[in-house]
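Dear colleague,

Please find the structure below, together with its sequence. My notes on it follow.

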Amino acid sequence: MHCIEQRRSIRKFKDIPVAKELIIELVAAARLAPSAKNRQPWKFIVYSGDKKDELLGAMQKGIENTEKVLLHTGDASGIPDAKNTLRIMRQAPVIIIVMNTGGSSPYEEISTEHRTTEICDTLSIGAAIENLLLTAQENGLGTLWIANTLYAYDALCEYIGESGQLVGAVAVGYPGESPNARPRNPLGKILEFRT
């Protein structure tokens, strides 16, 4: 419980490399998560150094392209947050891309059966990511679970070159901040017993 209570989303990282052995430990913990029908639908691709810079360059171009489209056709209010997330990702020494190996683009039409499988797999991947985050916390690392990859989805998928669905990313590094806990809803608001 202590590890769960102490975990924070980190948005400032120290310029200190993270040992490959630690990253392996994080992913080893992630793979122990429960998964629907034991499909284990996850793949973790680790970027650091020049390859991380290339990945984030692709993300920047993707965000810029999405911004142009949204300015003409819809609401671009999420773009500033996506740009800020990219800034944070540039600070982190490691970015772990998380793929759903059986998923497809969220912009594709798929059957109801495939959508049900995809939802179950996304839940499984969420459990795997939480294992990763808690193991990072246990090892003195900070993390940021990132969904703003959606603003650069096509550009990132093209750069990554993997089949499946890009679920998101996790920035990993030694924390350069110690944020206070964010407010949580009281148990009385979220817990109900029916007997």
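Predicted model: local features only at pLDDT ≥ 70, side-chain atom pairs only at ≥ 80, totals over all residues.

In which loop does Ser-104 have its place? Ser-104 sits in the loop between strand E2 (94-100) and H5, where helices (H or I, at least four residues) and strands (E, at least two) are DSSP runs, numbered from the N terminus.

Residues are numbered from 1 along each chain as its sequence is written, and side-chain values use heavy atoms, with hydrogens and water left out.

The chain as a whole

The chain contains 7 helices and 4 strands. Read from the N terminus, its elements follow the order α-α-β-α-α-β-α-β-α-β-α. The chain is as compact as a globular protein of its length, because its radius of gyration of 17 Å is close to the 16 Å that the globule rule gives for 195 residues. The radius of gyration is taken over C-alpha atoms, and the globule rule is 2.2 Å times the number of residues to the power 0.38. The C-alpha trace spans about 50 × 45 × 35 Å along its principal axes.

Of the 195 residues, 40% count as buried; buried means under 20% relative accessible area, exposed over 50%, and partly exposed in between (1.4 Å probe, protein chains only). The accessible surface amounts to about 11600 Å², and carbon and sulfur atoms contribute 52% of it. Accessible areas come from the Shrake-Rupley method with a 1.4 Å probe, and for residues only the protein chains shown count as cover. Among contacts with a separation of 6 or more, 83% are between residues 24 or more positions apart, contact meaning heavy atoms within 4.5 Å.

Salt bridges

A salt bridge here is a side-chain nitrogen of Lys or Arg within 4 Å of a carboxyl oxygen of Asp or Glu.

Glu-54 and Lys-51 are joined by a salt bridge at 3.6 Å, N to O. These two residues are 3 residues apart in helix H3 (residues 49-73), so about one helical turn separates them. Glu-54 is partly exposed at 37% relative accessibility, and Lys-51 is partly exposed at 48%.

Lys-83 forms a salt bridge with Glu-67, with the closest N and O atoms 3.1 Å apart. This pair links distant parts of the chain, since Lys-83 lies in helix H4 (residues 79-91) and Glu-67 in helix H3, 16 residues apart. Lys-83 is partly exposed at 39% relative accessibility, as is Glu-67 at 21%.

Arg-115 and Glu-118 form a salt bridge in which the closest N and O atoms are 2.7 Å apart. Both residues belong to helix H5 (residues 112-138) and are 3 residues apart, about one turn of the helix. Arg-115 is partly exposed, with a relative accessible area of 30%, whereas Glu-118 is buried at 7%.

Around helix H5

Which residues does Ser-104 touch, not counting residues up to four places away in sequence? They are Ile-110, His-114, Glu-118, Tyr-153 and Gln-165. Ser-104 is itself buried, with a relative accessible area of 11%.

Leu-133 is found in helix H5 and is buried at 3% relative accessible area. Apart from its neighbours within four places in sequence, Leu-133 is in contact with Arg-7, Thr-143, Trp-145 and Val-170. Ile-119 also lies in helix H5, and it is partly exposed at 48% relative accessible area. Ile-119 and Ala-36 are 83 residues apart in sequence, yet their C-alpha atoms are 9.7 Å apart in space.

The loop between H2 and E1

Most residues other than glycine have a negative phi. Lys-37, although not a glycine, has a positive phi of about 55°. Lys-37 is located in the loop between helix H2 (20-30) and strand E1 (42-48) and is exposed, with a relative accessible area of 75%. Gln-40 lies in the loop between H2 and E1 and, although not a glycine, has a positive phi of about 45°. Gln-40 is partly exposed, with a relative accessible area of 38%.

With kind regards
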